[in-house]
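Me: I would like to learn how to read a structure feature by feature. Could you take me through one?

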Amino acid sequence: MSVTIPAWWRPAGRALWGAALLLLAASLWMIAHAPIEAQMGIVQKIVYIHVPSATATLLAFGITFAASIAYLTTKNWMWDAVAATACELGLVFATVVLVTGPLWARSAWNTWWTWEPRLTSFLILWILYAGYHVVRASLRSASRRTVSSVLGIVFFVNLPIVWKSVEWWRGSLHPRNVTMTGEMRETLLLSMATWTVFLAAAFVTRLRLEWAREAALAPVAERPTAGAPGRVSA
Amino acid sequence: MTYAVVAYVATAVIWIVYFLWLGRRIRRARED
């Protein structure tokens with residue numbers, strides 16, 4: 001596959017970023033004006049960033065899983081680039097989840113952290129996917145893509161465990177479902193839409209790094225020329 | 001109140017730091 005960025009990539013990226021920033025502004029406005037929960041007070045508003053970040057994490061790692069299978073099937077470098085890109089963004093979202101969760105837990109459970117099933121399995125998820133990047137960065141040989149793809153598939157096993165942990169293990173403190181109605185539900189749904197579009201926009205930007213790296217590795221004749229519509233540029 | 005503000009500020013900081021790092025890596029890859 002060509003190492004030249006398609007001409008439509010940059011306008012698509014700009015459109016996605018425009019949509020993401022508009023949604024982010026609307027989402028913040030909704031969060032500021034959403035009703036304050038009776039028991040927890042304003043701390044409950046952490047949910048509007050914690051839950052969408054968690055769903056974006058699962059979505060990103062799901063993309064890594066699918067793209068890893070596609071790479072092993074086709075051996076097309078682009079699928080490996082998609083897998084690595086989604087995995088990196090998933091890890092950032094997972095970091096947000098691990099930072100915002102304890103802030104909510106301190107108010108809800110009177111503790112920053114507890115080794116209950118959802119929290120423990122999510123921390124393991126973070127460690128596994130951080131390991132994906134450590135292994136990937138340590139390999140320079142041709143096997144790097146194959147090894148990364150295998151890890152992207154194997155680590156996915158932990159995702160259903162995270163998802164179902166609140167049902168499979170008794171004594172889980174973590175809420176099973178976030179049940180909201182009215183304005184609070186609308187705010188949460190808008191936040192989820194916002195962070196999904198944000199993931200798409202960040203994905204488009206991050207993939208340019210893989211393109212730039214691939215262009216640097218490609219033979220000189222295949223490199224995009226300066227000034228060409230699809231050149232790798234900021 | 002404080003925890004909610006910390007959560008939102010921390011999220012913003014995480015993403016800003018990430019995109020600064022990403023921008024640096026893209027620039028470096030283009031120079032190679």
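Reply: Happy to! Keep in mind that this is a predicted model.

Me: Let me start with the overall fold. How many helices and strands does chain A have?

Reply: Chain A has 7 helices and 0 strands, so its pattern along the sequence is simply α-α-α-α-α-α-α. Among the contacts in chain A with a separation of 6 or more, 78% are between residues 24 or more positions apart. Of its 234 residues, 48% count as buried. The accessible surface is about 11,300 Å², with 67% of it belonging to carbon and sulfur atoms.

Me: And what does chain B consist of?

Reply: Chain B has 1 helix and 0 strands. Its C-alpha trace spans about 45 × 5 × 5 Å along the principal axes. Buried residues make up 38% of the 32 residues in this chain, and its accessible surface comes to about 2,100 Å², 68% of which belongs to carbon and sulfur atoms.

Me: Now a single residue. Is A:Thr85 buried or exposed?

Reply: Here the relative accessible area is what to look at, and buried means under 20%. A:Thr85 has a value of 0%, so it is buried. This threonine sits in helix α3 of chain A, which covers residues 77–108.

Me: Which residues does A:Thr85 contact, leaving aside its neighbours within four places in sequence?

Reply: Setting those neighbours aside shows which other parts of the sequence meet the residue. For A:Thr85 the partners are A:Phe203, A:Arg206, A:Leu207 and A:Glu210.

Me: Let me try chain B. Where is B:Phe19 found, and what does it touch?

Reply: B:Phe19 belongs to helix α1 of chain B. Not counting residues up to four places away in sequence, B:Phe19 touches A:Trp17, A:Phe198 and A:Ala202. Its relative accessibility is 23%, so B:Phe19 counts as partly exposed; the cut-off for buried is under 20%. For a sense of distance along the chain, B:Phe19 and B:Tyr3 are 16 residues apart in sequence and 24 Å apart in space, C-alpha to C-alpha.

Me: Where is A:Asn110, and is it buried or exposed?

Reply: A:Asn110 is in the loop between α3 and α4 (117–138) of chain A. At 60% relative accessibility, A:Asn110 counts as exposed. A:Asn110 also has a positive phi, about 60 degrees, although it is not a glycine.

Me: Last topic: surface charge. Which residues gather in the patch of positive charge?

Reply: For a patch, list the members and then ask which elements supply them. The members are A:Arg10 and A:Arg14 together with B:Arg24, B:Arg27, B:Arg28 and B:Arg30, and they gather on the surface. The elements giving two or more residues to this patch are α1 (9–33) of chain A and α1 (2–31) of chain B.

Me: Which element gives the largest share of the positive patch?

Reply: That is α1(B), with 4 residues.

Definitions and conventions. Residues numbered from 1 in each chain as written. Chains lettered and ligands numbered in written order. Predicted model: local features only at pLDDT ≥ 70, side-chain atom pairs only at ≥ 80, totals over all residues. Heavy atoms only, no water. Patch = residues over 30% accessible without salt bridge, like charges linked within 9 Å, V, L, I, M, F, W, Y side chains within 5 Å. Areas by Shrake-Rupley, 256 points an atom, 1.4 Å probe, with all protein chains shown as cover. Salt bridge = Lys/Arg side-chain N within 4 Å of Asp/Glu carboxyl O. Lys, Arg positive; Asp, Glu negative; His and termini not counted. Charge placed at Lys NZ, Arg CZ, Asp CG, Glu CD. Buried < 20%, exposed > 50% of the residue type's maximum accessible area, 1.4 Å probe, protein only. Contact = heavy atoms within 4.5 Å.
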